[in-house]
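Here is a friendly walk through one structure, with an eye on its backbone, its helix packing and its charged pairs. Please keep the viewer open as you read.

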Amino acid sequence: MSVKMYYSAEAPLGALTGQVVAVIGYGSQGHAHARNLHESGLNVLVGLKEGSKSRAVAAADGFEVLNPTEAVKRANVVMIAAPDTAQKALYESEIAPNLSPGTLLLFAHGFNIHFGRIKPAVGIDVGMVAPKGPGHLVRSVYVSGGGVPALFAIAQDSTGTARARTMAYANGLGCTRAGIMETTFKDETESDLFGEQAVLCGGTSQLVKSAWETLVEAGYDPELAYFETMHELKLIVDLMYRGGLDYMRFSVSDTAEWGDYTSGPRIIDASVKARMKEVLTEIQDGTFAKRWIAEDEAGRPEYKRLRAANSVHPIEKVGKALRHQMAFLNPVEVDMDGAQGAAEKGRDRKSTRLNSSHSQQSRMPSSA
Ligand code: NAP
Ligand code: MG
């Protein structure tokens with residue numbers, strides 16, 4: 001292996017002994033960070049704005065909940081777990097004025113530092129622990145004794161302790177059980193955005209929808225098409241997760257394996273790779289970030305339109321009815337627009353209705 005991985009023994013929690021950690025935000029990542037760190041023995045406060053819907057949830061989970069301003073004043077380590085688009089204003093109004101020299105400011109994704117939207121003062125330590133998994137899994141995998149791998153990076157180290165404290169934070173999150181890898185804010189930001197656009201969210205959802213539509217348009221039952229193109233995807237990905245593509249191919253039939261080799265490259269051909277390169281270029285040169293920030297500042301009209309259009313795709317209706325009959329899945333229904341019909345993830349929490357009361361699943365699922 002060319003990159004060095006670090007595990008728990010190389011990231012001792014002791015670097016945070018006696019320190020107070022403030023987690024600002026209690027959404028997908030924030031709740032997982034606060035709860036995992038607390039259960040790892042660290043001293044954790046939660047910072048949320050007055051009127052935040054998550055205040056009651058964090059308090060019920062046993063945390064002292066303060067305004068971001070007060071939480072930052074009390075903390076030696078501050079994790080900003082608010083949405084990327086909200087971080088600049090939050091940082092300028094409530095975090096920066098209350099940071100004392102030597103405080104370690106942490107991010108779960110490098111967007112705002114890499115694109116220059118947040119410029120911490122000299123004297124502040126700046127690091128990143130970016131779990132490579134959705135927040136509700138950062139929590140549930142930790143609870144089951146495992147961990148989600150993470151990238152970590154240091155952008156500023158004025159105290160000489162930034163790296164040890166950042167690694168200790170990753171340990172408290174459970175990430176060092178799976179392994180953490182040192183990188184830069186630039187590489188984390190660009191690769192994370194590319195991964196979620198090309199494969200994890202964008203590529204996969206489009207592949208599933210296109211395959212489902214192809215079958216349904218050819219006259220096959222929508223339910224049959226759902227099982228084939230969405231339900232079974234999880235079973236196949238689980239094999240890849242445990243043993244790579246080889247293990248998947250070992251487990252499927254030789255007919256499926258032959259189709260993989262011969263039809264796969266016709267579906268995802270060189271033209272797809274060329275467009276992946278275009279997407280990567282737009283991430284690297286800042287075009288994507290600029291467009292997303294402008295969309296957010298304009299009140300997200302296109303985001304809301306696309307969310308509404310995607311939510312009513314017929315595969316969602318078919319899938320919902322089928323999952324409802326499979327209680328073992330612990331199916332989740334997400335109201336993307338929340339009770340008031342607002343469509344801003346983070347500012348107006350998506351509400352979830354669950355047919356299970358498992359506490360670690362009582363958080364909304366979120367994107368990568
Ligand atoms: P999220 O689920 O949308 O949670 C946002 C939290 O911040 C909520 O508690 C929300 O308050 C609060 N908040 C929203 N707007 C705010 C504002 N203007 N000022 C202050 N607080 C505000 O966010 P997330 O998806 O966890 O993302 C947090 C960070 O983790 C981002 O940097 C993201 O890139 C990174 N990350 C996320 C994932 C993931 O799985 N989601 C994975 C890796 C990295 P309310 O509770 O009142 O709504
Ligand atoms: Mg991401």
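Asn-330 sits in the loop between H15 and strand S10 (332–335). Helices here are DSSP runs of H or I with at least four residues, strands are runs of E with at least two, and both are numbered from the N terminus. The phi of Asn-330 is near 55°, a positive value in a residue other than glycine. Most residues other than glycine have a negative phi.

Before going further, a word on conventions: this is a predicted model, in which local features need pLDDT of at least 70 and side-chain atom pairs count only at pLDDT 80 or more, while totals for chains, interfaces and linings use all residues. Residues are numbered from 1 along each chain as its sequence is written, chains are lettered from A and ligands numbered from 1 in the order in which they are written, and side-chain values use heavy atoms, with hydrogens and water left out.

Arg-300 also has a positive phi, about 60°, although it is not a glycine. Its place is the loop between helix H13 (287–297) and helix H14 (301–311). Is Arg-300 buried or exposed? Arg-300 counts as buried, at 3% relative accessibility. The classes are buried for under 20% relative accessible area, exposed for over 50%, and partly exposed in between (1.4 Å probe, protein chains only).

Leu-322, in helix H15 (residues 314–324), is buried too, with a relative accessible area of 16%. Leaving aside neighbours within four places in sequence, Leu-322 is in contact with Glu-223, Tyr-226 and Phe-227, where contact means heavy atoms within 4.5 Å. Lys-132 is 190 residues from Leu-322 in sequence, and the C-alpha atoms of the two are 29 Å apart in space.

Now for helix packing. The axes of helix H8 (residues 185–200) and helix H12 (residues 270–284) come within 10 Å and cross at roughly 145°. Those axes are lines fitted to C-alpha atoms, for helices over the stretch in contact, with angles from 0 to 180 degrees between N-to-C directions. On the H8 side the contact is made by Glu-190, Leu-193, Phe-194, Gln-197 and Ala-198, and on the H12 side by Met-276, Val-279, Leu-280, Ile-283 and Gln-284.

Next, the charged pairs. How many salt bridges does a search of the whole structure find? The search finds 18, a salt bridge being a side-chain nitrogen of Lys or Arg within 4 Å of a carboxyl oxygen of Asp or Glu. Three of them are listed here.

| Pair | N to O distance |
|---|---|
| Arg-55 and Glu-50 | 3.8 Å |
| Glu-92 and Lys-88 | 3.0 Å |
| Asp-260 and Arg-249 | 2.8 Å |

Asp-260 lies in helix H11 (residues 254–267) and Arg-249 in helix H10, so the pair ties together parts that are eleven residues apart in sequence. Asp-260 counts as partly exposed, at 25% relative accessibility. Glu-92 and Lys-88 both belong to helix H4 (residues 84–95) and are four residues apart, about one turn of the helix. Glu-92 is partly exposed at 46% relative accessibility, and Lys-88 is partly exposed at 29%. Glu-50, by comparison, counts as exposed at 62%.

Finally, Val-237 lies in helix H10 (residues 222–251) and is partly exposed, with a relative accessible area of 38%.
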